[in-house]
Structures are given as structure tokens and as C-alpha cells.
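Trainee: Could you take me on a close look at one part of this model, and then show me how that part fits with its surroundings? I would enjoy a connected walk through it.

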Amino acid sequence: APSTAPETKGAKTPITVAVVPVADVAPLYLGVEKGFFAEEGLDITIKNVQGAAAAVPLLLNGEMQFAYGALIPVISVAASGVPVTFVVGGIAKPPSAKADYSAIVTKQGSSIKDLKGLAGHSVAVNALRGGPHLSVILALKKAGVDPSTVNFVELPMSDGMAAVQRGDVDAAYLAEPFTSQAVAAGLPVISSPVYETAPDGATSGYFAVRPYLDQHASTADAFARAIAKSDEYANGHLDEVRAQIVKYSGMDAKTVENMRIPTFTSKLEASSITAMAGQMDKLGWLTARPDAAGMVR
Amino acid sequence: MSGRATASVRIRARAPRTSPASARAVWVGAVAVVAVLVLWELLGRLGGGGARIPVPTAIGAALAGLVIDPGFWAATGQTLLSAALGLVLAALAGVVAGTAYGTFVFLRHSTSALIELLRPIPPVALLPVGLLLFGTSLQMKLALIVYTAFWPVFIQTAYGLRDIDGTLVDMARIHRVRRGRRLLGIVLPSIGPYIAVGLRLSVIGALIASIVSELIGGAPGLGYALGLAQSTGQTARMYALVVVIGVLGLLADRSFGLMERISPGWSPANRERGRS
Amino acid sequence: MDLMTQDTSTQVLTTAGLTKGFGADPGANLVIGGLDLSIARGEFVCVVGPSGAGKTTLLRCLSGLERPTAGTIMFDGEPIDGPPRHLGMVFQDYTRSLMPWMNVLQNVVFPLRDKGISKAEMRERAEESLAAVGLAGTESKSPWQLSGGMQQRVAIARALAYRPHLLLMDEPFASVDAQTRAELEDLVLRLHGRYRTTILLVTHDVDEAAYLADRVVVLGGRPTEVREVVPVDLPRPRDQITTKSLPKFTEARARILGLIASR
Amino acid sequence: MDLMTQDTSTQVLTTAGLTKGFGADPGANLVIGGLDLSIARGEFVCVVGPSGAGKTTLLRCLSGLERPTAGTIMFDGEPIDGPPRHLGMVFQDYTRSLMPWMNVLQNVVFPLRDKGISKAEMRERAEESLAAVGLAGTESKSPWQLSGGMQQRVAIARALAYRPHLLLMDEPFASVDAQTRAELEDLVLRLHGRYRTTILLVTHDVDEAAYLADRVVVLGGRPTEVREVVPVDLPRPRDQITTKSLPKFTEARARILGLIASR
Amino acid sequence: MSARTRSAGRSAVRLVTSLWLIIAIVLVWYFLSQGSASFYVPQFPATVRAIGVYFTPAGFQAQVLPTVANLLAGFVVAVVVGVALGIAIGRSRLLGEATAPIIGFVRSVPPPALLPIAIALLGIGAPMRIGLIAFGAVWPTLLSTIDAVRNMDPGLDDIARVYSIRRRRRLLQMVMPAAAPMIVAGMRTSLLYSITLIVLSEMAGASAGLGHSVLLAQRTFQIADMWAAILMLGLLGLVLNVLFLAFERTVLRWHITRHTERGGSWIS
Ligand SMILES: Nc1ncnc2c1ncn2[C@@H]1O[C@H](COP(=O)(O)OP(=O)(O)OP(=O)(O)O)[C@@H](O)[C@H]1O
Ligand SMILES: Nc1ncnc2c1ncn2[C@@H]1O[C@H](COP(=O)(O)OP(=O)(O)OP(=O)(O)O)[C@@H](O)[C@H]1O
Ligand SMILES: [Mg+2]
Ligand SMILES: [Mg+2]
């Protein structure tokens, strides 16, 4: 029964957090190092998983308590009836196009110069019906292009750049570290989709399952507080963030040096979820509309 | 009769086969491997930007980085341990179930449709269920490994049972040889070549399942490292890990190949006749 | 055919109307058609008949390996259902009846296991019977390292080491030289004399049949029936020189030859 | 042993110091030790010798299937390297030499394909030779549906249909009955007479050897050597009754038997 | 006449024995899932409805057909390459020694790691999928063939050499039939591998297909859809298996009849 209140010093509450080892979760590592979690009485273990959906079984069976995920996949999970709820936010909409960690890239010398040019062409996204897919669709709509004229191709992000260069696809959605790699290789960026389409507030967050939250409310609060503290610290110490990324991802320092670091935020609004869920529903991606209010704590 | 009396009967001393031949095998194999590597390096360097597969020298550099990392060795140990454990379980289960399936007609008829329905379920698809039931524990890995490694042994065993010489079975029946003894003395040796192939498939299956379960399920091991390298765009490191996995598979495969060569000295491939 | 009139209480093996066919409709493709035969305890019976007559098929039925299409087979007064106890058999296809993954000794010992025989006795029996067939010293060889005749003798040694009460032998000496064959014949005769083993032996050699048997069953016809049973009234123990020079031997031999040629 | 003094120009097959051993150190485990033999074109030679003497091994060496450990084998004046053309062979292990996935006809016809023989002739030859061995009508059966003796005859039919110039036969009649055996012997004799086929036949039956051969090679010793070559000076054509009643036949037979027994 | 009724009766019995277990399991599933709240035991009706989608003309054409086509193409390539290469390797000592380490290495590369290589070499279209399936499924056939050819009865080679049988005929009519029982066993495993490899092959570049459906449903947590796609893979396997058995009965007729008529079960 790890429901001990955080105030009880000495015996710390052990929790396990499932993450995907990308830049988004740097505050978590940083916070652990800075002792923000220990201060809240949490003994934290971080484990890598393939994605938000892969973490759900582990939350359900109690092996892990929190997981990091973007809004879209977690909304999908919620729509299928799993009672998942966000505890705290992750990263925010980037402040500028230049700071956007995402990019739609094309081949050098491609005739496609902007989103309008994508009509009738193919775009690689890492997961159909996932966040990138939605971002590209919304960006296209915003640019006045009918998304149904674009052929979306599912392709792992690590293969996106090569596929564009070879001409297998005309464009690809990339996120860091692949964005900076592509830019360094000279691929033209025709859009920064997250910056252009994301709602204000957090676009991702740490979530848990409701039965757990009902029983361990104080632990969840402590976790949220520690994340908030970490976010704040991280936003002000980008060098330390980069050092953390090098440590936990194994990327070399030079790559990380060039990466665009997202802005971290702990504030996650139900309205963002409502907006996203609405878009997904419109596209026919959801079997049921999840209760947005219930998805945020 | 003078011809025969001449003492100069030249006996062509044929050296004992095993050791120099296997030395030759290593030698020939090594040459072939080097040839492939050189070809790859050349193609990679001449092919230019399009191909995203790193050349052997780049992978070699990443490999050098790996082997000095103690975490890598721990991961290797974890991967191998679970693969070996799962393989043993799967092999036993596969031989037992395959023998029963090939032997009992009612059992075969009752279960064949169900088995055919279940068999094609990709192990990857079962992962969420495995994660839910067992978490990222060793059990989850083992469940997936056993499931993957079981089928080849099972199928091969079941097929092998059709290849038992009827005369041997008659001989055993005549002498009222007990079933257990028949199993050990006749059935298993007869289907040995089938099981051997099944095992060689399973050993790699077990290794791959171990890695895939780490890759997707997040259990610690080489697969975890592989997934990390892949999702963070460290291509050379990823291929270095692939090379490591390939070498592990090669070693496992070779050790089985060796077993095969040692045990059935009776197999036609090892007999003297017909090898001239 | 006065077999049915014999006292059946001493009969080990009796068939009545034994019929056997193969294929989808066995009744239409009969190999053996209503064969009556009975063998007394301790008797030595030889079976002769043209190639393809059904001798092997008969032996397989008698041993319980094959189920007859019709008719009954009684063993020790009970209908047969699978191979009975204490039955030994030398298969015509001897190469196939040896296990290539076992050496000669292991092959000979194989049927003895699980029969409550001590390891030492198993080994002793095996070595004794291997020596008897002239294969002492080959214990650790593999079957495929032996000549055809040697393999056949391993199969014989296996049957001997088993010390069966009823021994069925299907052309057991087909692949051995004349000299060895004579020795093996005498070996089987000694076995028969010593243990009162009931023996049914298929052979193509009429001399051999007459030399060994108490009665020679001549098969023939299509489907096969018992053409005649020739009693061989020669004294026992027999030996190659004396027995074969007896007029009764020549007589029996001529009679069998005549029956075979008259097909 | 006056073999070496014969005119070698008519010799098809000549061995000089033929030595063969098995195992890791063949020189130490000799089966055949320095065997000299030569066979003239159109000759019929029978080989007799104890079981395990190395008759099969000799045939395998002569056919080029097995490489001798030492010594030379010349075929038509040239050292042998692999099986020569126009060679036919009946293997001792006949069951294994038939392919179970082919029926009888396909098995017989198999060696004839790709030899520039028309389909019609292939079939004719196959049916003719199958009929000659008494197996007409079994064309579409599978080998394992035949009795042992029938399988052996299929193997013989295959060799006959091939019309070889040199025919090596390893105990080809071991599993057939006396009557059929006599018929097959005469069949082989006719073949020999008609096509002048050179034949080397291994047998355990001394009568058979004397009846068929121009010369009988008696093997013996350890390692095996030619103990003696017995010329059989009987007129051809031969037949079972007349030839076997000639004093010269009895003489040859007795001589061979004596050589075998004296081992 | 009586033979015919007997055989009709026998096939009826056969049908019952082969189906009772599946029916029982479906019933258990039906009743157990009725009140189920578990996310991994989908309700029976929902799953059946989801499967139904695949049997609409549009669903069949979009989801099932391309998958089956790639699967079959990949399997056929695997079998042809496996048998051809297997015979070559099995019969040539040099080739066997030269390829052994490469084969041992290459076949232990985990399939997910193969994906980028396949994409790099073959793009993201059907050739890549077929290539991946073929590459992953070739091993059982290849290894079986190598082993079967190596363990061939040496007596067969003797016949071929004595009668100077040409190489082609030797291969087609001696080596292949002799090795067939084991090759077919390997092909069976190859078929199994092909089906599971679909999922991997549809991890990239696909927007439809059964394998893609499994992945998509998993990612979006549509458990009924996931099980529907998985069961479709199972059904596909079942159908292919029936076809395979028919193929096997033709190719191995001699082997099977010999086994049933001469020999029988070892346990009898
Ligand atoms: N499994 C089978 N299927 C079909 N026919 C068979 C089968 N077994 C035997 N026969 C047929 O039965 C007949 C008798 O065969 P069997 O082996 O009993 O003869 P045999 O008397 O032992 O002959 P041989 O002396 O040549 O060994 C043959 O015509 C054979 O073709
Ligand atoms: N592959 C082998 N390895 C070892 N020894 C062998 C091999 N083949 C044959 N031999 C030995 O060679 C000897 C002669 O065998 P071979 O088969 O030539 O005899 P054979 O004269 O044909 O006898 P049989 O009349 O019994 O057929 C035997 O002692 C046998 O053990
Ligand atoms: Mg027989
Ligand atoms: Mg021999």
C-alpha cells in the first residue's frame, strides 16, 4: 500500500513512470537529479516504452503508475473506454515557427515549396491517426488544402528523411532529433505544423488510470508538483536539459546541441482536449467522444 | 604373380575428417564474410546519400563504443538469459506436444483447426495482452519467447512422426518394447533431423522474440537499447546492435550446428559410403 | 489336409479360413484366401512358396502385426490381438529392421530392455548370440558399416538373444554364404532342440526346408492357399552330412520340389 | 593365378593391387588387400566368398562408386574415375535402390530417360524386361506394395531394360524362390548370349556360380584376396537340366565348394 | 455401397471431431465476455461485427486482398528461393561452408530491425512487403532443405551415378522427392512465418491491410478491432492451411500412403 502521505519523511513512495526517450521528458530526469521528486517524497523509477498505448496495460496492471503521452493517442485510449486521466502537462505549443521541434520537409530541389503544393502528393507520418497525422491535416486545412487530396503514408520517423531523399514519398513529418538532422542535411522545411495548429497550453502530459488516482490522490498531487517544479527549472536551464538528453538517450552531444528544445509546461486545459477530440471525431477517428473534463485532473 | 608381391602398395592416408574440415569451414566462411563486408563498404561509399544504411566501418566504430559500455554487457546477459530459458521450455513443450499431436488421431483432428486458427497470431499482436498479464517482467518475455519458439519444434516434430520406418515400429511391437522405450529408442532418433531443424529455427526465434519483447514492451535488454537507438536516430549504433544480435544468433546457430554434427554420426551425411 | 483333425490342445498357433487382402477393397484383392494351418508347441515348420505368394503377409498376420481381412488366428487358444508375448521375429527386410543410430550391441539388446533382465545378463546374452552367428567383435560397429549378410546375422542374433517361445523367421539366411548358412541352420536346430522353441521359417531353399522342418507347408494358388503340408520324418538331432544323405531326406525334398514345380 | 598373363587388349576391366579399407585410417583396416583381377569383354564372371569378405566393396570399387585406397582399376584401358558409361548394376540392398515415389514402371524407365530413347521404346523395353522377370501387370504398383522378391526383380528388370555393356549384380536372386531363380538365371544367360554383355555376378549359391560363369572368382583371406579363379569349361548355351548333369559341372562345383570350405 | 456409407459416416465423424473444440471455445468466449469489463476480452458481438467489415466487398478489397496477395507472393518467393538455395547448399560442401556464417548471422537479425534495410533497398511499396515476408519466411524452408538433402539416402546417389542420370533429373526426380517430406515440413513453418510477418511488413508505407489493422487498432486501443484483425489473420491461416494440406497430399502422396499402409503409428 504505497499511499503514504508525502509529508511522512523517510519512507518514500515508490512510483514508476513510463516514458518515450525523447526531449519532452527531460524535465523528469532533471527533476530527479535536482531532487524535486525526493522533496515530494517520491522514489521514482523511469522506464522506456514504445508509446502511450503500450504503457496502458502497464498502468492497468499496476506495474507503473504514470505515463507520458501526447494528447491524441491518450484521447484514443480514453475513447475506447479506458479511464485514463492526465495528471500534469508536458510540453507546450512552441512559441515560434523557428522553435518548432516538428517540421514537414521535402527533397532538395523539390517543386513543392509550401503546403499548397502538397495537394495530390504523398506525406509520410510515423503513425496514421496519431498526433503528427492530425497536425499535418490541420495545417493543410489552415492553408486551404483539402487533406483528402494528400496521400498519407505510415513510415517510422527514422526512415522519413531517407524516404524523402529517395523519392518514395514527397514530404515527411519529422520531429526532433530528426528535424535538425534533416535541416542539417539541407532539406527544405515547408511547414512547422505543431506551431501552426496546436491549441494553446500543453499538447502532451503525464497520465494515469483513474482507479489509481482515486486511491492515491496525494501521490498524484506530489507528482504534479514535482513536475511543475522541474518544468520551471528546465525552461530556465536549457544547457542542463541538453546534458540530460545526452545522458538518457545516448545521442551524441553534437546532435543534441542542434536540437530544438520544446517549452515545458505543467498546465493542461480540458479545452485543449475538447478541441482535439472534436477534430479527431470529425475525421472519424473516434468510436466515442471521451469526456474531456474527466480526462484532466 | 609378381605384381602383387611388390611392396610398394601406396596407401593414400586420408586424414581424420573432423578437425581439418571444420577448420576449413571456418576459413571458407571467414573469407565469404570478409567478401560481403568489403562489397558492402564499397557499395555504401559509392552509392552516396540515398542509402541510409551505414557502411561497415561506421558500424564498427559504434560497435567499439558499445563493447566498452558495461550496460551493454548487462543488457546482452538479460537478453540471452531469457532467450535461453524460453528456448528450453519451448523445445520441451514443442517436442512433447508435437509428438502427441502426430501420434493421437483424435487429438489431431480435434485441435488442428483451432491450432491453425491460433498459430498465425503474430507474437507482436499478443504483446499488449502479455504486458497486461505479466507486465514487463521476465514472465512476459518468457511467455512471448515460448510462444514464438514453440511452433517450429512443434510442426517439425509432428511431421517427423510420419517419417518413422514402419519396419522399426513392427520390430518394436513384435518384441513388446514399452512405449517409453520406443519413444527414446526409435521415435526420437527417427525424427531427430526434423527436431534439429525445428530447434535451429527456434533458437533464433527465441532470440528475436526476446529482443522484440524488449523493443516494444520495454523490458530491459538489447532490444531496449535497439529501440532507444532507433527512436533517437542513432543509426550507426542501431546497426551496431543489430550486428551484435546477428553475431549472437550466429553463435547460437553454430553451437546447434555443432551439436548436430556430433550427435548423429549415423546420419547419412556423416557416413563414409556415398561420400566419394 | 488333415491338420484340422490334430489334437488342438497342443497347438500354439491355429488359423481358420485366414484371408488377407490389401487396398481400398481388400475383399476384391485377396493375397491369402482361406488358409488353415496349425502349429504344435515345439514344432519346426518351414514355409515355401513362390515369390509374392504371401509368405511375409502370412507371418505378419500370425505375429499380430497385421489384422486379417477374414478368418481367425488363435494363439494359445485365444484369438490374437496384437503381437503375443515371447514372440521373436526376423524380418525379411533386415536392413530396415536395424536402427542406424545404435551400434550392433545396442540393437541386439534393445528388445531385452524393460523386461527385468539384468544389465549383465543382457550383455552376456547379446554377446553369446552374436558369437553364435559369427559376429563376435562387431559389437561396437554401426549397422551400415557391416556387409549385407552381417546385418542379416545381427537381426538373427537379436531374435536369438530374446529367447522367444515362438520364433518367426522370414528368409533369414538369404544373404549369407553357403558355409555360414549351414552353420546358422545348425544353430537354429540347436536352439530348437534346447529350448523347444516353436519355429516357423520361410525359405526359398527346399533343401533347407527339408533339413530343418518337422513339416513343410507348401503355399500356392491365387489367392494363396496351403497347397500341401509335407511331413518330414527325419530323426533329430540332425546334421548336414548324415541327415542330408538319408533317403527320407531326398524323398521329402523331391516331393516338395515336385509340388513347387507343379504350379 | 594366371590372370596377368592373359592378353589384356580384350580386357574390359582390370585391377592391379586393388586395396580398400574403411575408417579414419583405411590403411590399417583393410577389407580388400591387393586384389588382381581381369575380366574380358563378353565374359561372365561369378564371385563367391564368405559373408563380409568384401564382395560388395569390390563391386562398388569396380563400378567407380567407391575410390580404392590403393591400386588401380582400368576400364577399357583407362583408369577409372567414377562410373563408366553403359554400366548396369543390381544392388544388394535392393529395397533401398527403388524409389518409393515412383511406381514400378517409372522406376524401371528412370535410367533410360535423357538417353535419346523414344518414349515408346522406353515403355516397350520396360514392359519387356518386367515381363521377363515375371512382373507383368505390376507396372503401376508402388515398390512398397510388392513382396521382397518382387522388389528384387524390379531392380533386375531396371538393369536389364538399360541394356548395359557391363552388368554388375550383387546377389541378385537372394530373395526369390527356387523356380523363379532358375528362370532368372536362364534369363541372364540369354541376355549374355544375345548382347555379349560382360557380367560380374556375386552369389552365395555355388551351383548358380558354376552354372552361369565362364570363370568363378573365389575370394578369401583377411584382408580379402583372390583365393583362386576356377574356370568353368561348360558349353553354351546352357540349360538347367543338361548342363547341371554334365560331369564338368559337378567337377567345377566340387572344386569351388572345396575352396570355400578350406578357409 | 456399404463402403460408401462407411466413408460418408467417417467424414461426418471427422467433421465433428475437428470442429467441436472450436465451437466449445467460441461458446465459452461468448458467455464469458457478456458482462466483461476487461479491455482485453472484447465482447463477442462487437468482435463479430468488426470481422464483418472485412467481408463487405469494399472491406475485402481494401483490407484483405492486398494483404493476401503480398503474403502469397512473399511465401512463394521464400519457398522457391529456399528450396533452390537449400539444394545448392546441401549438395555443395564449399557453398555450405561459405554461406553458413552469413546465414546464421542474417537470419538472427530481428525483423523490426530489417524494416529500415528493406525500405532502403526496396522502397515502401509492395516489393518491400513481399521482400520482407520472403526474407523472414525463407529460413524454415532453407534449413529443412539443406538438412534433407544432406541426409539423403546415399544409395540414391549411387543409382544416379551408376546410370549417369543427368543433373536436372537427379534434382527433380531423386533429390527433391527424397527431401520432400522434410521440405514440406519446413514450408509449413514458412507459411506460418509469412502470416506473422504481414504485420511487420505493413508497419511502413501501408494505409490498409490486415497487418496494418492490427497495428492501428493496437495504437488507438480499439480492442475489438484488434481481435477482429487478429482473428482474420487466423482465418486466413486456416484457409491457407487447407490449401497447403491439399498441396501436401499431392506432393507427398507416396509418403503418406506408405506411412499409413506400411507402418502405422509407433504407439500401436
Ligand atoms: N501393403 C501392401 N499393399 C498392397 N499389396 C501388398 C502389400 N503388401 C503385400 N502386398 C502384396 O501381397 C502379395 C504377397 O506379398 P508378400 O510380401 O507376402 O509375398 P512373399 O510370399 O513374402 O514374397 P517373397 O518371397 O518375394 O518375399 C504381393 O503380391 C504383394 O504385392
Ligand atoms: N562404410 C563402411 N565402413 C566401415 N566398414 C565397412 C563399410 N562398408 C563395408 N565395411 C566392411 O567391409 C567388409 C566387407 O563388406 P562387404 O559389404 O563388401 O561384404 P560382402 O562380401 O558383400 O558380404 P555379404 O556377402 O555379407 O554381402 C565388412 O567387414 C564390412 O564390415
Ligand atoms: Mg516375403
Ligand atoms: Mg555384399
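Predicted model: local features only at pLDDT ≥ 70, side-chain atom pairs only at ≥ 80, totals over all residues.

Mentor: Chain B holds 10 helices and 0 strands, and along the sequence its pattern reads α-α-α-α-α-α-α-α-α-α. Among the contacts in chain B between residues at least 6 apart in sequence, 71% join residues at least 24 apart. The accessible surface of this chain comes to about 11400 Å², and 72% of that belongs to carbon and sulfur atoms.

An unreviewed UniProt entry places the feature "transmembrane region" at residues 25-43, 55-75, 81-105, 142-162, 183-216 and 236-252 of chain B. Residues 55-75 of chain B are 86% helix and 0% strand, with their end C-alpha atoms 25 Å apart. For residues 142-162 of chain B the end C-alpha atoms lie 31 Å apart, and the span is 90% helix and 0% strand.

Gly227(B) sits in helix H9 of chain B, which runs over residues 222-231. Is Gly227(B) buried or exposed? Its relative accessible area is 13%, so Gly227(B) is buried; the cut-off for that is under 20%. From Gly227(B) to Met238(B) is 11 residues in sequence and 8.1 Å in space, C-alpha to C-alpha.

Residues 170-187 of chain E are 100% helix and 0% strand, with end C-alpha atoms 22 Å apart.

The largest nonpolar core has 375 residues, and the members that touch the most others are Phe66(A), Leu118(A), Phe223(A), Ile245(A) and Val216(D). Chain B comes back into view at this point: its helix H8, residues 179-217, gives this core its largest share, 18 residues. A second, separate core has 54 residues, including Ile117(C), Val133(C), Ala155(C) and Leu212(C). To see how one member of the largest core is packed, take Phe223(A). Leaving aside residues up to four places away in sequence, Phe223(A) touches Ile15(A), Val17(A), Leu28(A), Phe37(A), Leu42(A), Ile44(A), Phe66(A), Val87(A), Val88(A) and Tyr206(A).

Chain B also takes part in a ligand site. Why is the site of ligand 2 described as shared? Residues from chains B, C and D surround ligand 2, so the site is shared between chains. The shell has 20 residues, and the closest are Gln145(C), Ser147(C), Lys55(D), Thr56(D) and Thr57(D). Helix H4 (148-161) of chain C and helix H1 (55-62) of chain D each supply at least two residues of this shell. One lies 2.6 Å from a backbone N or O atom of Lys55(D), one is 2.5 Å from an N or O atom in the side chain of Thr57(D), and one is 2.8 Å from a polar side-chain atom of Gln92(D). Taken alone, ligand 2 exposes 630 Å², of which the protein buries 95%.

An oxygen atom of ligand 1 is 2.8 Å from a polar backbone atom of Gly52(C). On the side-chain part, an N or O atom of His204(C) is 3.1 Å from an oxygen atom of ligand 1, and an N or O atom in the side chain of Ser147(D) is 2.6 Å from an oxygen atom of ligand 1. Taken alone, ligand 1 exposes 630 Å², and the protein buries 95% of that.

Conventions: Residues numbered from 1 in each chain as written. Chains lettered and ligands numbered in written order. Heavy atoms only, no water. UniProt positions renumbered as here; feature names shortened; annotations may be inferred. Helix = DSSP H or I, 4+ residues; strand = E, 2+ residues; numbered from the N terminus. Core = buried A, V, L, I, M, F, W, Y, C linked by side-chain atoms within 4.5 Å. Buried < 20%, exposed > 50% of the residue type's maximum accessible area, 1.4 Å probe, protein only. Contact = heavy atoms within 4.5 Å. Polar contact = N/O pair within 3.5 Å; in protein donor to acceptor, adjacent residues only side chain to side chain. Areas by Shrake-Rupley, 256 points an atom, 1.4 Å probe, with all protein chains shown as cover. Near = heavy atom within 4 Å.
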